[in-house]
Amino acid sequence: MRTANVILMGLGNVGRAFVRLIQDKKEVCKESYGLDLRLSAAFKKDGGFFSDKSLDLADVLELKGNDFSRHPDWKPGLRLEDVLGCFKSGLLVECTPTDIKTGEPGLGHITAALKRKWPVAAASKGALVVNFKGLKALAQQNGAALKFSGATAAALPTLDVGLYSLAGAEITAIEGILTGTTNYILTRMEEGFSFEDALKEAQSRGIAEPDPALDIEGWDTACKILLISNAVVGTEFSLRDISLEGISGVSPTDVQKSRKEGKALKLLGRLINERGRARAEVRLIPIGPSHPLFNVSGANKAITFFTDTMGSITVSGGKSDPRATAAALLKDIINIYRN
Ligand SMILES: NC(=O)c1ccc[n+]([C@@H]2O[C@H](COP(=O)([O-])OP(=O)(O)OC[C@H]3O[C@@H](n4cnc5c(N)ncnc54)[C@H](OP(=O)(O)O)[C@@H]3O)[C@@H](O)[C@H]2O)c1
């Protein structure tokens, strides 16, 4: 049995879902994977929980909602650096907010963990988007795994397909519907909704964030195609290399015009990798029925890899909620320890 001391950064939607999930899956992890996951520390912005034994946060999560400070094990002001020296080995799970300008606070957390040779599983995108090359090099220097399925469309397998299932094939292009919110809004607009009403509905159904700007302006898709391309194809894109289009200027007329022509207007994250030259973009493109992503509607996501030897491979589906994101983190963790 291998033991992993989990250090969880962020106790928001995803962080809390992750705590619940590893409680629900504790026996499965032990019996099927020989892995004992122990929550050793968990942090919010203003403090954290820490124990040299395993923390049991069930009571915190179930009984006291988000008011962690009332719990006896809560340590106000506790920060990651205060506990780093307390563990011989650890596993960092990064679930803090995504900041695509600075990469913080995730960048500091992930850097500190990798320097200690701890493996990392991330749901937040900021650190990887801002310094993919540096973090990958740091992970390699220290022989530590750095996984981020949770940041690259979560339950939809993107990195695993590209890295493992397509090994040996040349990936000539990638096209993905990588943001459920934008696809949901475009689908509703095809059905006659205005952009504003479709967005309001997406927010009321918990599909869109209260501040949906990152999604509707195309940044979320740009982050995901950047991370997938850099990880799978070995590009070294930063966000400024990706030409960007969002959906905020789309009118129902644009969407319905495409439909009348037998096409569907989709916001695609694309990598075009031809003759050794790679470029990435986020584009609103009318696609026809022969395109593998034509029927991907509503909040669904999908990705197509075009290859030299295996043809095109499309994966679609997967939930987009916090529990599914937590499940993508758990998948990465199991695979880290399996290897
Ligand atoms: N929600 C999803 O379904 C989903 C899906 C895929 C990826 N993601 C990514 O996963 C990450 C987490 O999402 P979320 O929805 O859980 O966000 P959230 O609800 O806003 O939670 C963020 C958590 O991070 C904590 N935090 C902020 N700064 C911190 C710091 N310096 N040190 C330690 N903790 C800190 C916050 O603490 P306070 O509560 O004290 O502010 C909060 O507990 C984001 O990067 C998001 O992009 C989310």
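This is a predicted model: local features need pLDDT of at least 70, side-chain atom pairs count only at pLDDT 80 or more; totals for chains, interfaces and linings use all residues.
I begin with the ligand. Its shell holds 23 residues, and those that come nearest are Leu11, Asn13, Val14, Thr96 and Thr98. By class, 8 residues of this shell are nonpolar, 10 are polar and 5 are charged.

At Asn13, a polar backbone atom lies 3.0 Å from an oxygen of the ligand. At Lys44, a polar backbone atom is 3.3 Å from a ligand nitrogen. The ligand taken alone exposes 910 Å², of which the protein buries 76%. Helix α1 (13-24), strand β2 (35-44) and helix α14 (322-338) are the elements that each give two or more residues to the shell.

I turn now to the salt bridges, of which the model has 18. One of them joins the side chains of Asp160 and Lys331, with an N to O distance of 2.7 Å. Asp160 belongs to helix α8 (residues 159-165) and Lys331 to helix α14, so this pair ties together parts that lie 171 residues apart in sequence. Are the two partners buried or exposed? Asp160 counts as buried, because its relative accessibility is 17%, under the 20% limit. Lys331, with a relative accessible area of 25%, is partly exposed.

A second salt bridge brings together the side chains of Arg188 and Glu191, at 2.4 Å from N to O.

A further case is the pair Arg283 and Glu281, whose side chains meet at 3.9 Å, N to O. Here, too, I give the accessibility of each partner. Arg283 is partly exposed at 25% relative accessibility, while Glu281 is buried at 7%.

Finally, I come to the surface. Leu214, Trp219 and Leu244 form a nonpolar patch there, and together they have about 230 Å² of accessible area. Trp219 is part of helix α12, which spans residues 219-233. This tryptophan, Trp219, counts as partly exposed because its relative accessibility is 33%, a value between the limits of 20% and 50%.

To close, I return to two points. Thank you for your attention.

Key:
Residues are numbered from 1 along each chain as its sequence is written. Side-chain values use heavy atoms; hydrogens and water are left out. Patches are made of residues with over 30% relative accessible area and no salt bridge: like charges are joined within 9 Å, nonpolar side chains (Val, Leu, Ile, Met, Phe, Trp, Tyr) within 5 Å. Accessible areas come from the Shrake-Rupley method with a 1.4 Å probe; for residues, only the protein chains shown count as cover. A salt bridge is a side-chain nitrogen of Lys or Arg within 4 Å of a carboxyl oxygen of Asp or Glu. Helices (H or I, at least four residues) and strands (E, at least two) are DSSP runs, numbered from the N terminus. Buried means under 20% relative accessible area, exposed over 50%, partly exposed in between (1.4 Å probe, protein chains only). A residue is near a molecule or strand if one of its heavy atoms lies within 4 Å of it. A polar contact is a pair of N or O atoms within 3.5 Å; within protein, one must be able to donate a hydrogen and the other to accept it, and residues adjacent in sequence count only if both atoms are side-chain atoms. Ala, Val, Leu, Ile, Met, Phe, Trp, Tyr, Cys and Pro count as nonpolar, Asp, Glu, Lys and Arg as charged, and the others, Gly among them, as polar.
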